[in-house]
Amino acid sequence: MPWFLLKTAAKTAATYALVNETIGIKAQFEAELTMNSCDTGQPLPRFLQFIDLSYLVEGAKLTEEQFNKMILEVHDDDRKRNINVTRQNIMRSVFISAFSILEQNLDEIVQMQSEIALVDLIPNDLKDRGIQRSITYAEKVLKLKLDITQKHWQMAFKLQKVRNHLVHFGSSFSDTKEHEKRFDNFSKLTYVSVGASINFTFENIEYISDAFMECVNDFNVAEEKNA
């Protein structure tokens, strides 16, 4: 075999060996990472899962820091846009998860109270859904005093519409009068960053999560006063 073919074959063999070694290391690392990333300890009881809001905020903060760093390291505009698209997909997921935690915790509070209160109705008997069902049950059945005119509650109601749009239509808007109206309404919200699509900054997520915590706290305070 000519010397140049021998040299090429040797290089190819060395390359394959390096690639195989790298793949083996990568597979081992990914296996360990997967195992460790799934080790979250004992799950929280449902009535304490509002604590997950803090984890979401921390995750959003780390996401923002990491993507800001990545943006500084690249100079290609297309690559920067791709990074921002990925960032916003994560931020929107964080927002949807945060709203789900709010719904879940308000529901858990009224579910627990319905078990000890001397009432015939349970929350599932009501026609309302989501946070409105929890509010209706708390006020009408449990006789809890809630002031839903407060700023954080009004935020929650408006953000419920944002959440519903994201879940059912995605982050963009279609060319309809209904979506045009939504675009105008969502654009007025200072805690949502609306452009061609619905977006969130870390500051938005942090502000929204604080408001959701106030809503949960209102239920807890009203429950204590009614005890």
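Student: In which crossing, left-handed or right-handed, does α3 pass α4?

Tutor: In this predicted model, the crossing of α3 past α4 is left-handed.

Student: What describes two packed helices?

Tutor: A packed pair is described by the angle between the two axes and by the distance between those axes. Here helix α3 (residues 77-116) packs with helix α4 (residues 130-141) at an angle of about 25 degrees, and their axes are 9 Å apart. Because of that angle, α3 is roughly parallel to α4; angles under 35 degrees count as such.

Student: Which residues of α3 and α4 meet?

Tutor: From α3, they include Phe99, Leu102, Leu106 and Val110; from α4, Ile131, Arg133, Tyr137 and Ala138 are among them. The residues of this contact of α3 with α4 comprise seven nonpolar, four polar and three charged.

Student: At what angle do α2 and α3 pack?

Tutor: Helix α2 (residues 52-73) and α3 pack at about 175 degrees, with axes 10 Å apart. That angle makes α2 roughly antiparallel to α3. Leu53, Leu56, Phe67 and Ile71 of α2 are among the residues making the contact, as are Ile83, Ile90, Val94 and Ile101 of α3. The division for the contact of α2 with α3 is 12 nonpolar, five polar and five charged.

Student: Where does Lys143 lie, and is Lys143 buried or exposed?

Tutor: Lys143 is in the loop between α4 and α5 (151-169). Its relative accessibility is 56%, so Lys143 counts as exposed; the cut-off for that is over 50%.

Definitions and conventions:
Residues are numbered from 1 along each chain as its sequence is written. This is a predicted model: local features need pLDDT of at least 70, side-chain atom pairs count only at pLDDT 80 or more; totals for chains, interfaces and linings use all residues. Side-chain values use heavy atoms; hydrogens and water are left out. Axes are lines fitted to C-alpha atoms, for helices over the stretch in contact, and angles run from 0 to 180 degrees between N-to-C directions. Helices (H or I, at least four residues) and strands (E, at least two) are DSSP runs, numbered from the N terminus. Angles under 35 degrees count as roughly parallel, over 145 as roughly antiparallel, 65 to 115 as roughly perpendicular and the rest as oblique. A crossing is left-handed if the near helix is turned anticlockwise from the far one by less than a right angle, and right-handed if clockwise. Contact means heavy atoms within 4.5 Å. Ala, Val, Leu, Ile, Met, Phe, Trp, Tyr, Cys and Pro count as nonpolar, Asp, Glu, Lys and Arg as charged, and the others, Gly among them, as polar. Buried means under 20% relative accessible area, exposed over 50%, partly exposed in between (1.4 Å probe, protein chains only).
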